[in-house]
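Biologist: I have a model open and would like to learn how to read it. Could you walk me through some features, one at a time?

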Amino acid sequence: MVEKLLEVKNLRTYFYIREGVLRAVDGLSYSANKGEFVALVGESACGKSVSALSIMRLIPYPPGIIVGGEIIFEGRDLLKLSEEEMRSIRGNRIAMVFQEPMTSLNPVLTIGRQLAESLELHRGLMKEEALEEASKLLKLVGIPDAERRLNDYPYQFSGGMQQRIMIAMALSCNPALLIADEPTTSVDVTVQAQLMELMNNLRTQFGMSVILITHNLGVVARYADRVNVMYAGRLVESGLTDTIYSQPRHPYTVGLIASVPRLDLPRERPLYVIPGLPPDLVRLPTNICAFAPRCKFAISKCTEQKPELEQVGTEHYVACFRHEEVPALTELECER
Amino acid sequence: MKTNSHLVEVKNLVKYFPLLAGVMRRKIADIKAVDNVSFNIKQGEVLGLVGESGCGKTTVGRCVLRLYDITAGNIYFQGKDITTIQGEELRKLRRDMQLIFQDPYASLNPRMTIGDIIGEPLQVHNLVTDKEYKRKIAELMELVELEPRMVDRYPHEFSGGQRQRIGIARALATRPKFIVCDEPVSALDVSIQAQVIKLLKQLKEELGLTYLFIAHDLSVVRYISDRVVVMYLGKVVETADSEELYDHPLHPYTQALLSAVPIPCPEVDRQRKRILLTGDVPSPLFPPRGCRFHTRCRLAKTECREREPEIKDLGNEHLVACHLV
C-alpha cells in the first residue's frame, strides 16, 4: 500500500507588488508518496520554486502571501500550524537544498560549525557529539578526509563539494522529505551525475521522498518516478515518468520534450520550437488557458475558458481542452 | 603551406595567467589556462568546443579573437598570422571577428537604448553614413527577429531570449566572417534555447558565417556543430566530426562526459552504459603530471602518470590524446 507523505491541494501564493497581483502559484495540486522521487518541471518564473518555499512556509511577507489551499504533510495541514510548530518541521522533517551552495553557506563559519549547529539545535547533541556526527555526515556524502575538512571554510570547497555539504546538512535530521531546488544547475555535467547519483542512493538508504525542482528533462527522465509539469503557476500535466515521456498529452509538455537536442537521435532531426515568450503573470487573464497564446493547437475555447486537470489514464492528468487530439496533431506538426 | 579553406588556424596556443601575491604583487606561479592547443576551423563550418568549467574553453575563444595577448603559439585568420598585429591593423580585423556572450544580462549596457547598443559597432568602425544608420539598425533587428519599433527601449525591458537576440544583432553589425559564440544559450530557458539555436543556425546559412561554438551542454554542441573539440584542463583530448565523436568516443574523458548527459527519454536512458567520474577537476595551477586526466581516469596505467600522451591522428579527422588508444 502506498502511503501519501505530502499532498498539496489547490495552493495559491500571490505577491502583491506595485504593478498588481502576481499569481506565482495559482491553484497547484500534486502529491508525493513515501519514498517517491517526484519531479516538478518548468521554466523560470513558472512558480516551481515559490511552490517549494510555500511548503516550507518561507514566503517573504510582504509582498508574498499564501492566499489559499492546503499542504497536508504526515496528516497535518502545514498552513494551519503555528510558527513554533512549523519550526519543528522545517529542517527536521522537511529539508531543502538550494541552487547556489555558495550563497546558502555562511562564508565566515567553518563547515564543521555549520553542520554541528543544526545538529545541536534540532537533535539536542552536545558540542563534541555534534562534531563527531558532522564528520560522519561528510563521509556519507562522499567528502574525502572528512575529519580534517570540518575545519575548512566554504570557499575552500569546489561547487560540487559545497553542494554535497548542503545535502549533508539537509540529511542531518533524517528528514522524511527532501526538496531540492535546481541542485545541479550551477555544476558541470560530470559533477551533476555524481550529485544526482548520491541523492538517489541516499533516498533509498533512508527511505526519504524527494521533490526535485528542475528544468533539466534529462535528469528527470533518469531519476523521477513521477513528473509534474508546471506552466504559469499551475500544473498542465502530471503522471508517471514513462507515461509523460512516451505519451505526453499537453502541447506544452510535447513541445518541451521535443525542443531539447538529444544525443541518441540523428543530428539532422529538426528542433521543435515553442514560439513566443512565457506570460507576464501580473497581466495574464485568469480565465483562459495560460499556454494558449503560444500554443500551435489553440482554438477559440482556449481563450474563453480555463481548462482543469482531467484524468486521461492511470495516474495521468492533463489540463487541455484538446488533449484527445494532441497526439495526432503533434504527429502532423512533426511531418511538416 | 596554408590552405585557403581554413578560416581560422590555431597552432600550439599557450595562455598562462600570472598568479600574483604579496604587497609587491610578485608573480608566484602560472595558471596554465590553455596549454598547447591546436585546431583549425574551415570556412563555413561550426566548430564546437566543449569541456567543463575551468578547462580553458573561454580563454581559447578570447585568445583567438586577440582579446588576450597569448603566451606562445600562433593564430592565423584567413591564412594571415594575426598573433602580434597591433593598432589600426588589429582594429580592422575586429570587424571580421565578433563575440556573442553568455550572459545577456551582464553584457548589455543598461543605460543605452538597444538601438545604440546594436549601432555602436557601426559608429566605432565608421561603417555607415548618418542617413543610413537608422535603417541599418532596423535591418539588423529584423534579421534577429526583433521588432524594429522597439529600438528606443532599454535592455531591462526585454527577456533573456530577446536580450540574447540584441547581443547577436550587435555582433552581426560589422558583417563579420567569424563569430565566437561563448555559451550563447546556457543562461536561457529550454523553450527559448531552441529558439536561439535555430536563429544562430539560420543566420549561419544566410550570411555564410563561421562559428566557434563554446558550450558545456554536449547535446546542444552536437546539434549545431560540424566538428567538435573536447578540452580537459587546458588541453585538447579529442577532436572529431560531430557524428563520429558521439558515436565512437575514444578518449575515456569524452566517454565519461557523454555518458553523464542523461537522455530525456526514460526507455533509452535506462539502457545506456554509465561511467561515473570520481572527484573534481584538479587545479590548473598544479596540473597532474603525465596525462592530465589520469587522476580521474578509471583506465589509467603507470605510463599515463609519467608521460604526457601525444595527439594521435587516426585518420578521418579524428584526433585523440590518450596512451590507451
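**Reading the model together**

Modeller: Gladly! Let's start with Lys177(B), which sits in the loop between helix H5 (160-172) and strand S7 (178-182) of chain B. Keep in mind that this is a predicted model.

Biologist: Why is Lys177(B) counted as partly exposed?

Modeller: The idea is to count neighbours: a residue is buried if 20 or more other C-beta atoms lie within 10 Å of its own, and exposed if 12 or fewer. Lys177(B) has 19 other C-beta atoms within 10 Å, so Lys177(B) is partly exposed.

Biologist: What does Lys177(B) touch, leaving out residues up to four places away in sequence?

Modeller: Its contacts are Leu7(B), Asp96(B), Leu209(B) and Thr210(B). Sequence distance and spatial distance can also be set side by side for a pair: Lys177(B) and Leu207(B) are 30 residues apart in sequence, with their C-alpha atoms 8.5 Å apart in space.

Biologist: Next, sheets. In what order do the strands of the open 8-strand sheet in chain A run?

Modeller: Read across the sheet, strand by strand: S6-S7-S8-S3-S9-S10-S12-S11, with mixed pairing. At the edges are strand S6 (94-97) and strand S11 (310-313) of chain A, each of which pairs on one side only. From one strand to the next, the twist averages 20°.

Biologist: Which strands pair with S3(A), and in which direction, parallel or antiparallel?

Modeller: Strand S3 (residues 37-41) of chain A is joined by 5 bridges to strand S8 (residues 209-214) of chain A, and these two run parallel. There, Val38(A) stands opposite Ile211(A). S3(A) is also joined to strand S9 (residues 226-231) of chain A, by 4 bridges and again in parallel. Val41(A) has Val229(A) as its bridge partner in S9(A). For the antiparallel case, look at S9(A) and strand S10 (residues 234-240) of chain A, joined by 6 bridges. Met230(A) stands opposite Leu235(A) in that pair.

Biologist: Are the faces of S3(A) covered or open?

Modeller: Both are covered: Phe37(A), Ala39(A) and Val41(A) are buried on one side, and Val38(A) and Leu40(A) on the other.

Biologist: How do I check a helix?

Modeller: Helix H5 (residues 127-140) of chain A has 14 residues, which at 1.5 Å a residue should span 20 Å; its end C-alpha atoms are 20 Å apart, so the two agree. Then ask where the buried residues point. In H5(A) they are Ala130(A), Ala134(A), Ser135(A), Leu137(A) and Leu138(A). They fall within an arc of 155° seen down the axis, so they line one face of the helix. Among the elements covering them are helix H4 (111-123), helix H6 (146-149) and helix H7 (159-171) of chain A.

Biologist: Finally, how many residues does each chain bring to the contact between chains A and B?

Modeller: Chain B brings 35 residues and chain A brings 36. On the chain B side, H6(B) gives the largest share, 6 residues. By class, that side has 20 nonpolar, 8 polar and 7 charged residues.

Methods. Residues are numbered from 1 along each chain as its sequence is written. Chains are lettered from A and ligands numbered from 1 in the order in which they are written. This is a predicted model: local features need pLDDT of at least 70, side-chain atom pairs count only at pLDDT 80 or more; totals for chains, interfaces and linings use all residues. The expected span of a helix is 1.5 Å times one less than its number of residues. The arc is that of the directions from the helix axis to the C-beta atoms. Two residues are in contact if their C-beta atoms, placed from the backbone, lie within 7 Å. Two strands pair if DSSP finds at least two bridges between them. Ala, Val, Leu, Ile, Met, Phe, Trp, Tyr, Cys and Pro count as nonpolar, Asp, Glu, Lys and Arg as charged, and the others, Gly among them, as polar. Axes are lines fitted to C-alpha atoms, for helices over the stretch in contact, and angles run from 0 to 180 degrees between N-to-C directions.
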